[in-house]
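I opened this structure today and kept notes as I went. Here they are, in the order I looked things up.

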Amino acid sequence: MTENRVLHVIQHAILTCEDGVWTGRYGGEDWSVIAGSHDEVLEQMVETLHRLGDDDEHRWRIISLAEAGERTEEGFEARFIDRERYENRVIEAMESQFEEE
C-alpha cells in the first residue's frame, strides 16, 4: 500500500575549499553557493534550501531523483520507507537533538 510509505530523502553537504574560497552544495541539488568561510557557506546553503522549500519545480526534481533509485548522485540518498519507520526516525532525530544541547 503506497499510502503507508513515505519518501525519505537524505542530502549530505558537499564542501570544498580552494585558495580560501569555500563552495558548498547538497547532494542531488543543481545549485551551489560560494563564501569566504566554512560557517558562511553552510549558512548560505541552509538559507537556499529553506527558500526552495516552497518551490514546486524543486520538489518535483528531488522526487524524480528519488524515484530513479535509492542512490542516484553523490551525497543524495532516497528511498520509500513505511510510515511507522519514518515516524520512529523523526522521533530519534528530535531526541538526539535535545541530547546534544
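**Entry 1**

I started at Met94, which sits in helix H3 (residues 83–100). Before going further, I noted that this is a predicted model, where local features need pLDDT of at least 70, side-chain atom pairs count only at pLDDT 80 or more, and totals for chains, interfaces and linings use all residues. I also noted that residues are numbered from 1 along each chain as its sequence is written, and that side-chain values use heavy atoms, with hydrogens and water left out.

For the elements I used DSSP runs numbered from the N terminus: helices are H or I with at least four residues, and strands are E with at least two.

Areas come from the Shrake-Rupley method with a 1.4 Å probe, and for residues only the protein chains shown count as cover.

Met94 itself is partly exposed, with a relative accessible area of 44%. My scale was: buried under 20% relative accessible area, exposed over 50%, partly exposed in between (1.4 Å probe, protein chains only).

**Entry 1: the overall layout**

I stepped back and listed three helices and five strands. From the N terminus on, they run β-β-β-β-α-α-β-α. The C-alpha atoms fill a box of roughly 50 × 35 × 25 Å, taken along the principal axes.

Of the 101 residues, 24% count as buried. The protein exposes about 7300 Å², and carbon and sulfur atoms supply 48% of that area.

I then looked at contacts (heavy atoms within 4.5 Å). Among those between residues at least 6 apart in sequence, 43% join residues at least 24 apart.

**Entry 2: helix H1**

H1 covers residues 38–52, 15 residues in total. From first C-alpha to last, H1 reaches 21 Å, close to the 21 Å expected at 1.5 Å a residue. The expected span is 1.5 Å times one less than the number of residues.

Which residues of H1 are buried? I wrote down Val41, Met45, Thr48 and Leu52. Seen down the axis of H1, these buried residues fall within an arc of 65°, so they line one face of the helix. The arc is that of the directions from the helix axis to the C-beta atoms. A reminder to myself: an α-helix has 3.6 residues a turn, so residues three or four places apart point the same way.

Asp39, Glu43, His50 and Arg51 are exposed on the other side of H1. The buried residues of H1 pack against strands E2 (13–18), E3 (21–26) and E4 (33–35), and against helix H2 (56–68).

**Entry 3: helix H2**

**Entry 4: salt bridges**

My rule was a side-chain nitrogen of Lys or Arg within 4 Å of a carboxyl oxygen of Asp or Glu. How many salt bridges does this rule give? The count comes to three.

- Glu74 pairs with Arg25, with the closest N and O atoms 3.4 Å apart. The pair links distant parts of the chain, 49 residues apart: Glu74 is in the loop between H2 and strand E5 (76–82), and Arg25 is in E3. Glu74 is exposed at 54%, whereas Arg25 is partly exposed at 25%.
- Arg61 pairs with Asp30, with the closest N and O atoms 3.6 Å apart. This pair also links distant parts of the chain, 31 residues apart, from Arg61 in H2 to Asp30 in the loop between E3 and E4. Arg61 is partly exposed at 25%, and Asp30 is exposed at 57%.
- Asp56 pairs with Arg59, with the closest N and O atoms 2.3 Å apart. Being three residues apart in H2, they are separated by about one helical turn. Asp56 is partly exposed at 46%, and Arg59 is partly exposed at 36%.
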